[in-house]
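User: I have a chain on the screen and would like to talk it through. Could we begin with how it is laid out?

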Amino acid sequence: MKTIGIDLGGTKMSAGLIEGPGTVREKVTLTRPVDQAGMEKDPLKLAARLMGPDVAAIGLGAAGLVSWPDGTLVWGPNVVGRDIPFKDLLESRFGLPTVVDNDANLAALAEARVGAARGRQHVLLVTLGTGIGGGNVIDGKIYRGRSFAGEVGHMVVDVGGPRCTCGQRGCWETFASGRRLDQIARDVAAADPAGRTASLAGSGPAAGIHLTEAAIQGDPPAAQAVGEMGIWLGIGLASLVALLDPEVIVVGGGAARVGDILLDPARQSMMSTLEGSAFREPTPLVAAGLGEDAGIVGAGLVAAELARG
Ligand SMILES: [Zn+2]
């Protein structure tokens, strides 16, 4: 069976033609739309480019609050557009069964079925994208609460802390996310214009990708800066383990490409912050297995389940 999986993130949107349990046959990407009209139309354009007679269903994940099961993107702190009825729009355009959910929910399911948490029943996924996305699989199923469960990036970890894009202060994602990594990269480059991070950035502004690359190359200041973000990552994860006690936590998003440079400090701070950690098995903290394709693969998987009935 073939499906189309669409992923609407904070900086770009991607769609893939998905076959079987998670094979991406073809992929198309657009930069993030800048207004409501673009947000409504662009995902349909992406789907049209992949559409064929053998496509059985469509899945779409969006970075924000998605009402379930009617599939409306209500709002997202890192995306444009409000109250977009994506499920209705896609169904009326293509006439196929369609499922629309939060992007991290779908990525969590994809990792639990065919990725780094394959075969596990209780899986927490956090993605360090623009912000922090959260998806929770319990007993093998996505847990949504009434609709909006998993907005973990906006757990407040520092009352009165830095302003967040959601309007609150001190949210977890102001301390650990792709956006935070970009800020740290600029600070590291400014502190040492001859250093590795600044050199990798060249004539442009330093960004998280330069900092993580410098850390991977063994640059001590970059590795230390990434590690400090890892400590904040672990502090938030400790609260989530206290609530959910998952079998495994999968960390996705661009920042996770540094692997243990980020995850080792996160493991240590998670367990040192967690209640009763001396009496628990450490919760495995692993890098995502599906990389940036987790969103489209997850959307395709859920669409295939819908088409099978
Ligand atoms: Zn927030």
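User: How far apart do the C-alpha centres of domain 1 and domain 2 lie?
Analyst: The two C-alpha centres are 25 Å apart. Domain 1 covers 2–109 + 292–308 and domain 2 covers 119–289, with bounds that come from an automatic or database domain assignment. This is a predicted model, in which local features need pLDDT of at least 70 and side-chain atom pairs count only at pLDDT 80 or more, while totals for chains, interfaces and linings use all residues. Residues are numbered from 1 along each chain as its sequence is written.

User: How many residues of each domain are in contact with the other?
Analyst: Contacts link 18 residues of domain 1 with 20 residues of domain 2; two residues are in contact if their C-beta atoms, placed from the backbone, lie within 7 Å. On the domain 1 side, β5 (65–67) and α3 (103–114) each supply at least two residues. The largest share of that side, six residues, comes from α3. Helices (H or I, at least four residues) and strands (E, at least two) are DSSP runs, numbered from the N terminus.

User: How many helices and strands are there in the protein chain?
Analyst: The chain has nine helices and twelve strands. Its radius of gyration is 19 Å, close to the 19 Å that the globule rule gives for 309 residues, so the chain is as compact as a globular protein of that length. That radius is taken over C-alpha atoms, and the rule is 2.2 Å times the number of residues to the power 0.38.

User: What about the interior? Which residues have the most contacts inside the largest nonpolar core?
Analyst: They are Ile6, Leu211, Val226 and Leu262, in a core of 94 residues. Helix α7 (residues 220–244) gives the largest share of this core, eleven residues. Both domain 1 and domain 2 contribute at least three residues each. A nonpolar core is a set of buried Ala, Val, Leu, Ile, Met, Phe, Trp, Tyr and Cys residues joined through C-beta atoms within 7 Å. A residue is buried if 20 or more other C-beta atoms lie within 10 Å of its own, exposed if 12 or fewer, and partly exposed in between.

User: And which residues does isoleucine 6 touch?
Analyst: Neighbours within four places in sequence aside, isoleucine 6 is in contact with Met13, Ala15, Pro43, Leu46, Ala47, Gly59, Leu60, Ile296 and Ala299. Pro43, Leu46 and Ala47 are among the buried residues of helix α1 (residues 36–50). The buried residues of α1 pack against β1 (2–8), β2 (12–19), β3 (23–31), β4 (55–62) and α2 (86–94).

User: Back to arginine 196. Why does it count as buried?
Analyst: Arginine 196 counts as buried because it has 21 C-beta neighbours inside 10 Å. This residue lies in helix α5 (residues 196–201). Not counting residues up to four places away in sequence, arginine 196 touches Ala214, Gln217, Asp219 and Ala222.

User: Changing topic to the backbone: which residues does a cis peptide bond join?
Analyst: The cis bond joins tryptophan 68 and proline 69, with omega about 5 degrees. Proline 69 is in the loop between β5 and β6 (72–75). Most residues other than glycine have a negative phi, and most peptide bonds are trans.

User: Where does aspartate 83 lie, then?
Analyst: Aspartate 83 is in the loop between β6 and α2, and has a positive phi of about 50 degrees although it is not a glycine. Aspartate 83 is exposed, with 10 other C-beta atoms within 10 Å.
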